[in-house]
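Visitor: Can we go through this one together? I'd like to start with the packing.
Guide: Fine, here it is.

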Amino acid sequence: MEVLRKGGLVAFPTDTVFGVMALMEDEAACKRIYTLKGRQEDKPLQVLVADHEDALKLAAPGPLEERFLRLVRAFWPGGLTVVVPGKAIPPWISKDGSVGLRMPDHALLRELLRRVGGHAAATSLNRSGEPPVRTEAEARAFPVDFVFPGEAGGLASSVVDLRTGEVLREGAIPKEALLALLR
């Protein structure tokens with residue numbers, strides 16, 4: 001918790017893959033994530049949330065709210081990232097103000113998120129274009145400030161862009177299951 005508050009990066013195992021996170025409001029820390037990954041700055045970071053209420057503080061789904069709630073009630077906590085219009089999302093997270101939200105199925109991580117305000121910027125821990133990290137030993141090879149012990153769960157999260165109704169990435173949740181709830 002203190003590592004994040006002091007501008008640090010934390011690597012953590014989730015129900016999907018190892019991730020790296022920083023406080024969303026800390027521009028310098030978020031930019032460190034881009035550098036660590038070799039990631040293009042126009043590619044948004046996702047935001048992990050502790051619970052549904054924290055997600056609704058950051059999301060502005062408007063007429064898409066019913067679909068948003070249907071998806072997150074079905075698959076959160078778990079391996080689903082939902083891209084929606086956002087509320088006050090900093091430009092270093094997303095250039096267009098949208099936000100990819102995910103509630104991980106990892107109780108300790110969600111408790112950490114609660115303690116730092118209910119959310120944090122995150123992405124998979126890996127160099128861009130390379131496979132995601134799955135073990136603590138692999139995570140320790142990255143220049144982060146703290147590594148949570150443990151092993152990651154498996155597939156990367158599925159990603160749905162609620163604005164277009166598209167499944168951008170099939171991962172932990174099958175595309176068919178997502179499309180059934182988007183209709």
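Guide: A nonpolar core here is a set of buried Ala, Val, Leu, Ile, Met, Phe, Trp, Tyr and Cys residues joined through side-chain atoms within 4.5 Å. Keep in mind that this is a predicted model.

Visitor: OK. Which residues touch the most other members in the largest nonpolar core?
Guide: Phe68, Trp76, Leu80, Ile93, Leu101 and Leu125, out of 47 residues in that core. Elements that each supply at least two residues include β2, α2, β3 (46-49), α4 (65-75) and α7 (175-182).

Visitor: What does Leu80 touch?
Guide: Leaving aside residues up to four places away in sequence, Leu80 contacts Leu71, Phe75, Leu101, Arg102, Ser157, Ser158, Val160, Ile173 and Leu178. Another core, of 14 residues, lies apart from the largest one, and Val10, Ala50, Leu112 and Leu113 are among its members.

Visitor: Switching to α2. Which of its residues are buried?
Guide: In α2 (residues 27-37) they are Ala29, Cys30, Ile33, Tyr34, Leu36 and Lys37.

Visitor: Why are they on the same side of α2?
Guide: Because they cover an arc of only 165° around the axis. An α-helix has 3.6 residues a turn, so residues three or four places apart point the same way. Ala28 and Thr35, on the other side of α2, are exposed.

Visitor: And what covers the buried residues?
Guide: The cover includes β2 (19-22) and β6 (119-124).

Visitor: What about the ends of α2?
Guide: At the start, a side-chain oxygen of Asp26 comes to within 3.3 Å of the backbone nitrogen of Ala28. After α2 comes Gly38, with a positive phi near 70°.

How values were computed:
Residues are numbered from 1 along each chain as its sequence is written. This is a predicted model: local features need pLDDT of at least 70, side-chain atom pairs count only at pLDDT 80 or more; totals for chains, interfaces and linings use all residues. Side-chain values use heavy atoms; hydrogens and water are left out. Buried means under 20% relative accessible area, exposed over 50%, partly exposed in between (1.4 Å probe, protein chains only). Helices (H or I, at least four residues) and strands (E, at least two) are DSSP runs, numbered from the N terminus. The arc is that of the directions from the helix axis to the C-beta atoms. Contact means heavy atoms within 4.5 Å. A polar contact is a pair of N or O atoms within 3.5 Å; within protein, one must be able to donate a hydrogen and the other to accept it, and residues adjacent in sequence count only if both atoms are side-chain atoms.
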